[in-house]
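Good morning, and thank you for coming. I would like to guide you through selected strands, disulfides and salt bridges of one structure. Please look at the display first.

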Amino acid sequence: MPAKSSSRSAPFQRFLFLMCNLLAFGLPTNVYAQEADTIVVFDGSGSMWGQIEGRTKIEIARETLSSVLREIEPSSRIGMIAYGHRQKGACSDIETVVPVEQASRSVPQMISVANGLQPKGKTPLSDAVRIAANELRFTENAATVILVTDGIETCDADPCALASELENLGVNFTTHVVGFGLSQDEGRQVQCLAENTGGLYLAAKDADELGEALRRTVANNAISPNEDDFGSEISLGRPIRFIFRDTDAGEQIGVRQLSGGLEHADGTPVENAQFQLEYPEAKGNSATAVLEPGQYVAKLQREGAGGSGYTARYAFEVPEGESEYLVEASLSGSLTLNLFINPNLPYVKGEAFPTAVGGSRPRFHFAIYPIVDGAKAEQPAATIAGADDLTRPLPPGTYLIQGNIDSGTSVERVVEVKPARPTVYDFSFDATRVFVDARETDGSPVKRQTTYWYDKVPSGRNYWVHGAGARDGDLQPFYLPTGDWVINVGGEGYGKRRSELVVTVPGDFRDLRLEVGEGRTLTEAEKAMLEARGSGCLEILRVVRDGCLVEKAQLSSIEPSGEQPAASETVTQKASVAPSIIFNNRSTKKTVLSFQESDAEAGRMILGDGWCGRGGCAARDVEVPAALMDAVRNGQTATFDLSENALRIFTAPGGFEDTLTVIENPDSNRPVKAVMVLAPEGQTMEPGKPVSEHTGVRLVFGDAFTGKRYVVIDYPPEADGAARIVLAEGWCGQGLDCAGSIAGLPAGIIDALEEGRTQTFQDSWGIGTVTVNPEGQRNFIEVAEKGKYGKFQLLERNGSGTGDKSSAAPAPSGNQAEASQGNASGTMSPPEEVSLDDQVNRVFGVFNINQTGASVDEVVGNYAHVDQCQRAPTVIWPDGTMARKQFVQPQGPDENPYKTVASGQCQISGTQFNCSITDRQNGDVQNLTFKSRLLGNNHYVLEVKDQENSWLAVSCFFPDGELRADTVMPNGRSLAELIMERTDAQSPGMGFDRNNMAFRGQ
């Protein structure tokens, strides 16, 4: 594995050198003369994620500490205390992380602990210094405390009074203070800690000024350092960074997923203090270590969801050298399932999963067993429940997957998991959706329908699946295997009025609808057939739930081939390997990027001219590794450096599977960046072609029998490719109050309509949905909003757009077209007469607004984003009211700790927000212009630009994010409720959806 060295700027090298002098030479004579014990008080508060010279303060502090500690005398006695590193908002968060002992033993621990600290909380620096003084027995011995802080006291203590107290009581007590980025006023508040104890105070705004301050301090020191005063350097070895993944293109893993340690090649353990697992999302490393050159083995235990995981041994060598050395390792393999109800019906994550058995969540269950010597292992290597996370880390090998769908069908499949590369498997249940409609003799639906399915002649409770089949007049499907089955159906308590009959489920996987009357019974011939064949299921295979198994996997003849078995020859949606994958520039909406298959080991990435949305980014055609193609195709979060082409690619940044970030010359001072979004299905690579193909198209839906027109959907130019919908009076039923509802919808309705795809679209308020081609009914839509519902047929299409216009139904004529709709003309008011500016693309929620040059991906992936969201969130309510809030310590249990410090109003026009916000303390007014963009999963980013500043506002709460809006605070209310509460006594007009971690309108 090649080494990668890290280079530092000249100012930073001076900074390290002078910091060494601070500890080695800058201490007063009496400190060394009396061999004072020393404690470094290290700032772990949340503000340490701030930046100096483009790097976080915590990074600079860690590297500084590591470099400085290498220079001190091995026999010196030193330890470390940290504060603010474990809890948010806790003034008691102070910990002695390394006790005082000889530097030869304590220094490696200090370096390791510092590298693992994750800043989180407040700044109780006075109490931390007091604890350090007491641990040093400052009233009995000479003692030195070195405080490294980037902030002032935040826990109601007086550092100046503390300094005077310690100076008066101490034998020879000294405090030195190093300040990062403190203002003059802030510096004065901590400077007294040093001055009152005879120590040094060093302040600087950046690395250069820090270096100059240290240089002046050292130059003014009365002592001329003599090299004989100091011993040899501590031999700590070479700094090592580790990046661990399950597979080559997999997400980086760290302390959350891994445990274990290192051994020397001879099996001797490496001390834990020399090896530290870390959080990759915060530091960028899976682990760090300080090691002497030689041969080592990493022995790691990988923990995964559903009991999955593995034990890994990875051998590596640390070569001679002093610079940082990188060890990258793909430890094992992984398996991802693409789910198909049957080859014609893929399961799409997030879409509704109707079921006759009951419940609202998709009922998928899997047990994954290793196959050893042709036999299934006794215990599964992994399990999966539901469809939210279908990836499991697994060692390479052959596995038997047993799956169950909704208690109806169980399936066995065999898959070969590859080493180092992710294995993606199309898993089809080969199940047919069967809808059962039980009727009474007069043709009306039975009351409280119950349905039971048998694989043999019914006898009491020998059914394998049962459910309602119908709910509130809507039929719900059973998921059944191919074959002949017996159904018992009727109303609850109907007795002999219930019906029994044989139902044949063919293998064409088309939805099957049964209408069953009362009192039907099995014929003698049907009974004889069932008795002769015995059970129709090979077994009732239980995978959490029972299901009918009709085909068993053959294990004895398995010979691993390295090939992925296919669920079916039918290729659809994400399971397919398309000849090309197309992306659009998210800002310009132009088709500018294409991935194309080349061979098994590589593909090609083609960037169109102007791909970055402006000049200076010419067309590119470059070869990319197969791992990049896999990551794009499977929506995996990963980073790829194409060094020869000076390109860096982030796939699925922030977890958004349809997004891609491209950076040209990433290490330069002015890198070229662009964020891409997956293009609609069927789009081709034509540079400059806009995504909004349907501008000017107008669709009219209604009742084909009466000619009433209830819904108009169009694509106005100002909506930037989004659709809008206008609902006429009575759309949800005669006499009901549901007139003139308006909502913004994402693009794609026309494409789904013309392609015959069943797809549900969510409006931008999170209130209503439009389902295109519901249940396969072409040229129909279903509209649902706040519990109201309506289904309508396409009556008319106007405008050119693209696609096959022949699918549109003809407009009604004659009396149908003149049928009354409740107004004088009998026709629906066209959408042009309705103002949409304050409705389309409305964005609201809780945001972190920062003045930054960083990209969205860099902001979301930074812990500072989480910290800023919790300490100083910005709220935009649906009516356009805007407020900046700040967390303050509550005075009572019922007090809301979030206080409004600035407030204002936003005027919305299309995707643009013109906001004016006033600071409540000084009356300053700030005018900001936002441009909204949908990131996915109902989360938004707002880009703010004015003449002087470039701002970025990103949603605070994301699925699987570190900041949980539904966290219950000490006063019993959720974090989301506290933040979105208004101070003007108005209703927030929005609520929090825990499933999508997003705010929705109310």
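**A hairpin and its surroundings**

In the hairpin of E35 and E36, 1 residue lies between the strands, and Val544 takes a positive phi near 70°. Before I continue, please note that this is a predicted model, in which local features need pLDDT of at least 70 and side-chain atom pairs count only at pLDDT 80 or more, while totals for chains, interfaces and linings use all residues. Residues are numbered from 1 along each chain as its sequence is written, and side-chain values use heavy atoms, with hydrogens and water left out.

Helices (H or I, at least four residues) and strands (E, at least two) are DSSP runs, numbered from the N terminus. Two strands are said to pair if DSSP finds at least two bridges between them.

How do strands E35 and E36 pair, and over how many bridges? Strand E35 covers residues 539–543 and strand E36 covers residues 545–549; they pair in the antiparallel sense over 5 bridges. The bridge partner of Val543 is Arg545 in E36.

The term denotes a side-chain nitrogen of Lys or Arg within 4 Å of a carboxyl oxygen of Asp or Glu. Lys552 forms one with Glu539, and their closest N and O atoms are 2.9 Å apart.

Lys552 is partly exposed, because its relative accessible area is 38%. Glu539, at 30%, also counts as partly exposed.

Let us turn to a sheet. In general, strands of a sheet pair through backbone hydrogen bonds, either parallel or antiparallel. Here 3 strands form an open sheet in the order E31-E26-E34, with mixed pairing. Strand E31 (477–480) and strand E34 (512–516) are the edge strands, each pairing on one side only. From one strand to the next, the twist averages 30°; angles of this kind run from 0 to 180 degrees between N-to-C directions, with axes as lines fitted to C-alpha atoms, for helices over the stretch in contact.

Strand E26 (residues 432–438) pairs with E34 in the parallel sense, over 5 bridges. Asp437 stands opposite Glu515 in E34.

Which residue forms a salt bridge with Arg433? The partner is Asp511, and the closest N and O atoms are 2.8 Å apart. Arg433 lies in strand E26 and Asp511 in the loop between strand E33 (499–505) and E34, so this pair ties together parts that are 78 residues apart in sequence. Arg433 counts as buried because its relative accessibility is 15%, while Asp511, at 37%, counts as partly exposed.

Another salt bridge joins Arg413 to Asp430, with the closest N and O atoms 3.2 Å apart. Arg413 is in strand E24 (residues 409–417), and Asp430 is in the loop between strand E25 (422–428) and E26, 17 residues apart. Arg413 is buried at 16% relative accessibility, and Asp430 is partly exposed at 26%.

**Disulfides**

How many disulfides does a search of the whole structure find? The search finds 5, where a disulfide is a pair of cysteine sulfur atoms within 2.5 Å.

One of them joins Cys91 to Cys155, at 2.1 Å from S to S. The link of Cys91 and Cys155 is left-handed, with -90° about the S-S bond. Cys91 lies in the loop between strand E4 (77–83) and strand E5 (94–102), and Cys155 in the loop between strand E6 (142–149) and helix H6 (159–169), so the pair ties together parts that are 64 residues apart in sequence.

Cys160 and Cys192 form a disulfide with their sulfur atoms 2.0 Å apart. Their link is left-handed, with -85° about the S-S bond. Cys160 is in helix H6 and Cys192 in helix H7 (residues 184–195), 32 residues apart.

Finally, Cys906 and Cys915 form a disulfide with sulfur atoms 2.0 Å apart. The link of Cys906 and Cys915 is right-handed, with 110° about the S-S bond, and both cysteines are buried.

Definitions and conventions. Buried means under 20% relative accessible area, exposed over 50%, partly exposed in between (1.4 Å probe, protein chains only).
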